[in-house]
Amino acid sequence: MGLRKSYNKQTQAIALKKIIKKCSNCRDDNGYPTDVPKGHFVVYIGETRSRYVVPISWLHHKGFQSLLQRAEEEFGFNHEMGLTIPCHEQDFLSLFAIMG
């Protein structure tokens with residue numbers, strides 16, 4: 001079971017890196033968003049897909065990992081729409097305040 005969790009996390013990490021490259025319309029020559037600081041990535045929250053730039057360090061936070069699991073279950077990681085988190089924007093802002 002530990003091997004499966006490790007494999008799943010590696011698969012999620014690879015998929016997330018691909019999504020991070022696609023998260024913005026403004027890209028440099030390498031395909032990275034120019035309006036996102038180094039060490040950050042973009043997520044889209046809720047039905048309105050509000051855009052937030054969050055630090056990569058959040059990937060280690062249990063609360064954010066839970067949101068990523070919900071995103072994977074609902075949307076999967078193989079789509080062109082950027083990383084969309086299926087939660088209410090106010091809930092995300094509460095988490096943002098705790099982790100920020």
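β1 and β2 form a hairpin, with four residues between them. In its turn, Gly46 has a positive phi of about 70°. Strands here are DSSP runs of E with at least two residues, helices are DSSP runs of H or I with at least four, and both are numbered from the N terminus. The model is predicted: local features need pLDDT of at least 70, side-chain atom pairs count only at pLDDT 80 or more, and totals for chains, interfaces and linings use all residues. Residues are numbered from 1 along each chain as its sequence is written, and side-chain values use heavy atoms, with hydrogens and water left out.

**The hairpin and its loop**

β1 and β2 pair in the antiparallel sense over six bridges. Pairing requires at least two DSSP bridges between two strands. His40 has Pro55 in β2 as its bridge partner.

The loop between β1 and β2 also holds Arg49. Phi of Arg49 is near 55°, a positive value in a residue other than glycine. Most residues other than glycine have a negative phi. Arg49 is partly exposed, with a relative accessible area of 29%. Partly exposed lies between buried (under 20% relative accessible area) and exposed (over 50%), using a 1.4 Å probe and protein chains only.

**The sheet**

β1 and β3 run parallel and are joined by two bridges. Ile45 has Ile85 in β3 as its bridge partner.

In a regular strand the side chains alternate between the two faces of the sheet. On β2, the covered face holds Ser50, Tyr52 and Val54. The uncovered face holds Arg51, Val53 and Pro55.

Ser50 sits in strand β2. Thr84 lies in strand β3, residues 84-85. A polar contact is a pair of N or O atoms within 3.5 Å; within protein, one must be able to donate a hydrogen and the other to accept it, and residues adjacent in sequence count only if both atoms are side-chain atoms.

| Residue | Relative accessible area | Side-chain polar contact |
|---|---|---|
| Ser50 | 18%, buried | side chain of Thr48, 3.2 Å |
| Thr84 | 5%, buried | side chain of Arg49, 2.4 Å |

Contact in general means heavy atoms within 4.5 Å. Leaving out residues up to four places away in sequence, Ser50 touches Val43, Tyr44, Ile45 and Glu89. On the same terms, Thr84 touches Tyr44, Arg49, Ala71 and Phe75.

**The core**

The largest nonpolar core has 17 residues. Such a core is a set of buried Ala, Val, Leu, Ile, Met, Phe, Trp, Tyr and Cys residues joined through side-chain atoms within 4.5 Å. Val43, Val54, Phe64, Ile85 and Phe92 touch the most other members. Two or more residues come from each of β1 (40-45), β2 (50-55), α2 (62-75) and α3 (89-99). α2 gives the most, with four residues.

Val43 shows how these parts meet. Beyond its neighbours within four places in sequence, Val43 is in contact with Ser50, Arg51, Tyr52, Val54, Phe64, Leu83, Ile85 and Phe92.

**Gly63 in helix α2**

Gly63 lies in helix α2. Gly63 counts as partly exposed, at 25% relative accessibility. Its C-alpha atom is 9.0 Å from that of Met99, 36 residues apart along the chain.

**The whole chain**

The chain has three helices and three strands. From the N terminus on, the elements run α-β-β-α-β-α. Of the 100 residues, 35% count as buried. Among contacts with a separation of 6 or more, residues 24 or more positions apart account for 46%. The chain exposes about 6900 Å², with carbon and sulfur atoms supplying 53% of it. Accessible areas come from the Shrake-Rupley method with a 1.4 Å probe; for residues, only the protein chains shown count as cover.
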